[in-house]
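My entries follow in the order of looking.

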Amino acid sequence: MARQTSDSLAHADGGPHPQAALRAGPCHVAIIMDGNGRWATMRGRPRLFGHHAGAKRVREIVEACPDLGVKYLTIFAFSTENWKRTQVEVAGLMSLFRRYITREARQLRDEGVRVRFIGDRVRLDDKLVSLMDELELITSQNDRVHLTIALNYGGRDEVARATKRLAQDVALGRLNPKDVDEETLPKYLDTCVLPDPDLVIRTSGEARISNFLLWQSAYAEYEFVDTLWPDFSRDEFARLLHAYGARDRRFGAVTA
Ligand code: IPE
Ligand code: IPE
Ligand code: MG
C-alpha cells in the first residue's frame with residue numbers, strides 16, 4: 001500500500017490521490033471540536049446546551065468543504081476518555097448523537113457526503129450503532145466529501161485494537177511477523193481507507209491532541225485557535241486552510 005500522505009500520488013482506493021488535483025490546500029482536515037462546555041457556561045447554560053450548539057456548526061463546515069478543496073473531513077465527537085464525564089453529560093451526548101444522525105442523514109446522503117465512523121463501537125448502545133451502520137450504508141456510494149466521525153475514539157485504543165487483530169493474523173499464519181512494517185500496521189487501523197490528515201485544527205485554545213489520530217498525524221500540520229467550537233465559522237475555516245498553503249512540509253527532507 002502506498003503511503004497515504006498528500007505527497008503521494010497514490011490513493012487508498014488505488015486511484016489518483018485527491019491532493020494531486022489541488023495546489024496548496026489540505027486534502028484531509030481533521031478537527032478537534034473543543035470548547036462546547038465553556039461556550040455554554042459563559043452563557044449561564046448547562047454544558048449540553050453547548051454540545052447542541054456545537055452539533056449545529058458541523059453542517060456549515062461540511063458544506064464548505066467541496067468549495068474549499070477539502071475532500072476528507074474528520075471530526076472528533078467523543079473520546080474514549082469522555083466517559084469520565086458525569087452520567088448526565090454522557091447520556092445527553094449519546095442522545096444528541098442519535099438525534100443528529102436521524103436528523104442529518106437524508107441531507108448528508110443527498111449532498112454527496114460519504115459518512116464513516118471510527119472508534120470502538122462495543123461500548124455504544126445498540127440503537128446508536130444501528131443508526132451509524134445505516135448512515136454508513138446509505139451514503140456508501142457518495143464521493144463528494146468524505147466525512148469521518150470519531151465516536152468513542154482514542155488513538156491509543158485504536159492502535160491497541162489494531163495490534164490485537166494483527167497478532168491474531170500472525171497466530172493464524174495469515175501474516176508473517178517479518179512483514180510487519182509502517183505500511184502493514186495502518187491497514188489494521190480504523191482509518192485504513194483514509195489518507196493521513198494534512199491539517200489538524202483544534203478549537204478552544206487548548207494546545208494538545210488529546211489522543212486524536214496519533215499514528216495518522218505524525219506529519220500533519222497543526223492549527224490551535226482560541227475560538228470555541230460553537231463559534232467556529234466557515235470564514236475562519238477558510239482562513240486556516242489558506243494559511244496551510246504557506247506551510248513548508250518537509251517530511252524530514254531538506255527543500256531547496
Ligand atoms: C468538546 O467540548 C466536545 C466533547 C468533548 C464531547 P467540551 O465538552 O470538551 O468543551 P469544554 O472543553 O469543556 O469547553
Ligand atoms: C477532546 O476534547 C475530545 C473531543 C473534542 C471529542 P476534550 O475536552 O475531551 O479534551 P481534554 O480533556 O481537554 O484534553
Ligand atoms: Mg474540552
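**Pocket and ligands**

I began with ligand 2 and found that it sits in the largest pocket. The model is predicted, and I read everything below with that in mind.

I noted a volume of about 640 Å³ for the largest pocket. Of the 33 residues in its lining, I listed M33, N36, F76, A77 and F78 as the closest to the centre. I sorted the lining of the largest pocket by class and got 17 nonpolar, eight polar and eight charged residues. For the elements, I wrote down α1 (36-42), α2 (47-68), β2, α3 (87-110) and β4 (145-153), each of which supplies at least two residues of that lining.

**Ligand 2**

Which residues are around ligand 2? My list reads I32, M33, D34, F76, A77, F78, N82, R85, R202, R208 and S210. By class, I have five nonpolar, two polar and four charged residues in this shell. Strand β2, residues 72-79, gives the most to the shell, with three residues.

I next went through the polar side-chain atoms that face oxygen atoms of ligand 2. In D34, a side-chain N or O atom is 3.2 Å from an oxygen atom of ligand 2. For R85, I read 3.2 Å between a polar side-chain atom and an oxygen atom of this ligand. R202 also places a polar side-chain atom 3.2 Å from an oxygen atom of ligand 2. On its own, ligand 2 has 390 Å² of accessible area, and the protein covers 77% of it.

**Ligand 1**

I counted 13 residues surrounding ligand 1, and the closest are D34, G37, R38, R47 and R85. D34 and R85 are also on my list for ligand 2. The shell around ligand 1 divides into three nonpolar, five polar and five charged residues.

Which elements each supply at least two residues of the shell around ligand 1? I found α1, α2 and α3. The largest share comes from α1, with three residues.

For the contacts of ligand 1, I looked at backbone and side-chain atoms. At N36, a backbone N or O atom lies 3.2 Å from an oxygen atom of ligand 1. At G37, a polar backbone atom is 2.9 Å from an oxygen atom of the ligand. At R47, the atom is in the side chain: an N or O atom there is 2.8 Å from an oxygen atom of ligand 1. I noted that ligand 1 taken alone exposes 380 Å², of which the protein buries 88%.

**Cavities**

Rolling a probe the size of a water molecule over the atoms shows where empty space is left. My count is two cavities of 30 Å³ or more.

How much space lies in the second largest cavity? I have about 50 Å³. I recorded its lining as R59, V62, E63, Y100, E104, Q107, L108 and E111. By class, I get three nonpolar, one polar and four charged residues in the lining of the second largest cavity.

Methods. Residues are numbered from 1 along each chain as its sequence is written. Chains are lettered from A and ligands numbered from 1 in the order in which they are written. This is a predicted model: local features need pLDDT of at least 70, side-chain atom pairs count only at pLDDT 80 or more; totals for chains, interfaces and linings use all residues. Side-chain values use heavy atoms; hydrogens and water are left out. A residue is near a molecule or strand if one of its heavy atoms lies within 4 Å of it. A polar contact is a pair of N or O atoms within 3.5 Å; within protein, one must be able to donate a hydrogen and the other to accept it, and residues adjacent in sequence count only if both atoms are side-chain atoms. Accessible areas come from the Shrake-Rupley method with a 1.4 Å probe; for residues, only the protein chains shown count as cover. On a 1 Å grid over the protein atoms alone, a cavity is a set of points where a 1.4 Å probe fits but cannot get out, and a pocket is an open set with protein on both sides within 12 Å along at least five of seven lines; lining residues have an atom within 4 Å of a point. A molecule sits in a cavity or pocket if more than half of its atoms lie within 2 Å of its grid points. Helices (H or I, at least four residues) and strands (E, at least two) are DSSP runs, numbered from the N terminus. Ala, Val, Leu, Ile, Met, Phe, Trp, Tyr, Cys and Pro count as nonpolar, Asp, Glu, Lys and Arg as charged, and the others, Gly among them, as polar. Grid points are joined across faces, edges and corners, and a volume is the space filled by probe spheres set on the points.
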